[in-house]
Amino acid sequence: MPDTAGRNLHVVIVGGGFGGIGCARRLAHHEDVRVTLIDSNNYHQFQPLLYQVATSQLASSHIAFSLRKLFRKHPNVSVKLAEVASVDPATHTVVTTDGAEHTGDAVVIAAGAVPNFFGTPGAAEHAYPLYALTDAERLRSRIIAVFEEADRDPALIDRGALNFVVVGGGPTGVETAGALADLISETMISEYHDIPVSRARIHIVDLGHALLTPFSAKTHEYVAKVLGRKGVEIHLGVAVTEVGPGHVTLGDGSTILTRCVIWGGGNMAPPLAGDVGATQGRGGRIEVRPDLTVEGLPGVYAIGDIANIPGRDGTLPQLGSVAMQSGVWAAENLLADADGRLRTPFHYRDKGIMAMIGRGAAIAAGPYRRELRGLPAFAAWLGVHAALLTGARNRVETFLEWGFDYLSHSRGPQILDRKTVAEIDWSDDTSHATEASGAPTVR
């Protein structure tokens with residue numbers, strides 16, 4: 001790493017997610033450190049609440065916060081709205097698609113993750129992932145669009161207009177399925193008077209044998225019971241083998257007619273991870289050393305979802321808390337480098353895990369996996385997520401929306417604002433609509 005005498009340090013951070021923000025915030029308090037933060041969006045998004053935007057519980061503005069506003073009191077942090085094209089690890093230069101170059105004394109790669117479709121035919125073209133704010137807005141429009149289509153022509157219900165398939169039994173899949181069930185049973189049923197909304201069906205599919213596997217067997221039973229009570233049909237131990245424009249095919253040969261497939265089946269590193277010249281591991285992620293640096297690439301750090309970060313019991317999971325803490329730790333090691341001190345291995349402080357299953361139902365487990373279920377976990381989930389939101393106004397407005405939603409059983413921003421998503425060609429999957437394959441078909 002170049003000489004940083006007097007700590008005249010310049011750090012280029014790629015990505016404004018939890019990891020990048022954690023790193024930039026820590027460095028921002030040192031006036032002798034310059035930070036260039038590059039992201040393709042001008043906002044930081046609170047990823048754990050994307051599903052609530054998709055199911056019309058929250059507006060997009062509640063979970064997004066301007067990066068420039070976040071660092072308005074720190075002139076040593078420069079925010080650049082740009083798409084990163086490449087990173088030269090030898091010179092610590094980041095090149096963006098508009099041709100601009102940003103060279104620092106060190107580079108922190110915190111570019112997040114992208115959906116992993118695991119080679120499933122048609123999934124990339126027809127499924128709706130939930131990893132970015134634009135994903136949530138597109139999914140919200142598609143959910144509303146299929147109800148509008150069914151209202152226009154109720155016969156389309158027989159062709160899967162009101163069938164929803166959620167792929168993945170992790171937090172994203174379970175939370176989305178529960179919130180979608182609440183939306184349908186409490187809001188759509190009171191707003192769409194001319195169609196039998198009760199015929200709507202939600203399916204959640206996972207190759208494993210339990211939903212939310214990190215929790216205990218008792219919690220698995222609780223989750224299945226709550227979702228079952230909400231009318232969610234659970235398909236375990238079966239894979240999705242194809243996603244078509246109007247159907248999903250499962251590994252047992254059955255077909256579900258649907259125009260809305262929600263993909264929560266996992267993520268992987270973005271292509272940038274392969275362009276750096278680092279060793280890649282599971283999910284295409286960059287393998288990092290315990291101090292979060294990249295082997296053989298001095299002055300290059302990788303944090304958050306783009307990295308395989310070693311922990312005491314193996315690789316740490318892709319969680320917002322891991323990303324945020326690794327960002328702060330990387331900043332501390334950058335400062336140590338600049339001061340001639342030794343870097344220290346990252347030590348993750350496990351604060352537990354939690355998931356919302358729907359109105360009044362949640363689960364939470366502490367660091368030693370002591371679990372809460374039901375209303376106590378629901379209250380804890382609300383408090384923790386509100387506290388983690390960026391910006392006091394976002395916290396207050398989000399809490400008000402949650403209160404209104406809980407007390408009134410009515411959802412807020414049901415905005416169909418993605419016209420291309422709302423346009424459905426009902427003739428593009430006729431072979432499955434007419435059951436030409438002869439396979440069992442779920443309507």
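Visitor: Quick one to start: in S27, which residue is the bridge partner of Gly358?

Guide: Ala361 is the partner of Gly358 there. Strand and helix labels come from DSSP runs (H or I of at least four residues for helices, E of at least two for strands), numbered from the N terminus. Before we go on, this is a predicted model, where local features need pLDDT of at least 70 and side-chain atom pairs count only at pLDDT 80 or more, while totals for chains, interfaces and linings use all residues. Residues are numbered from 1 along each chain as its sequence is written, and side-chain values use heavy atoms, with hydrogens and water left out.

Visitor: Fine. How many bridges join S26 to S27?

Guide: There are 5, and the two strands run antiparallel. Two strands count as paired if DSSP finds at least two bridges between them.

Visitor: What's the strand order in that sheet?

Guide: S26-S27-S28, an open sheet of 3 strands with antiparallel pairing. S26 (353-358) and S28 (371-373) are the edge strands, each pairing on one side only. The twist from one strand to the next averages 5°.

Visitor: And which strands does H10 lie across?

Guide: H10 (residues 375-388) lies across S26, S27 and S28, at about 115° to S26. For such angles, axes are lines fitted to C-alpha atoms (for helices, over the stretch in contact), and the angle between N-to-C directions runs from 0 to 180 degrees.

Visitor: How many bridges between S13 and S14?

Guide: 5, in the parallel sense. As one example, His203 has Glu233 in S14 as its bridge partner. Contact here means heavy atoms within 4.5 Å.

Visitor: What about aromatics? How many pairs does a search of the whole structure find?

Guide: It finds 5 aromatic pairs. Rings of Phe, Tyr and Trp (its six-membered ring) pair if their centres lie within 6.5 Å; planes under 30 degrees apart count as stacked, over 60 as edge-to-face, and the rest as tilted.

Visitor: Why is the pair Phe147 and Tyr192 called tilted?

Guide: Their ring planes are at 40°, with centres 5.5 Å apart, so the pair is tilted. Phe147 sits in H5 (residues 133-152) and Tyr192 in the loop between H6 (171-191) and S13 (201-206), so to speak a link between distant parts of the chain, 45 residues apart. Ring pairs link Phe147 and Tyr192 with Phe164 into a cluster.

Visitor: Are Phe147 and Tyr192 buried or exposed?

Guide: Both are buried. Buried means under 20% relative accessible area, exposed over 50%, and partly exposed in between (1.4 Å probe, protein chains only).

Visitor: What lies over the face of Trp426?

Guide: Arg259 does, at 4.6 Å from the ring centre. A charge counts as over a ring if NZ of Lys or CZ of Arg is within 6 Å of the ring centre and within 35 degrees of the ring normal.

Visitor: On to H9. How far apart are its end C-alpha atoms?

Guide: They are 29 Å apart, which agrees with the 28 Å that its 20 residues (320-339) should span at 1.5 Å a residue. The expected span is 1.5 Å times one less than the number of residues.

Visitor: What covers the buried residues of H9?

Guide: The cover includes S1 (9-14), H1 (18-28), S2 (33-39), S9 (106-109) and S22 (297-302). Among the buried residues of H9 are Val322, Leu334 and Leu335.

Visitor: And S1, how many of its residues are buried?

Guide: 6 of its 6 residues are buried. Leu9, Val11 and Ile13 point one way from S1, while His10, Val12 and Val14 point the other way. S1 runs parallel to S2, joined by 6 bridges. In S2, 6 of the 7 residues are buried, so that strand is largely enclosed by the rest of the structure.
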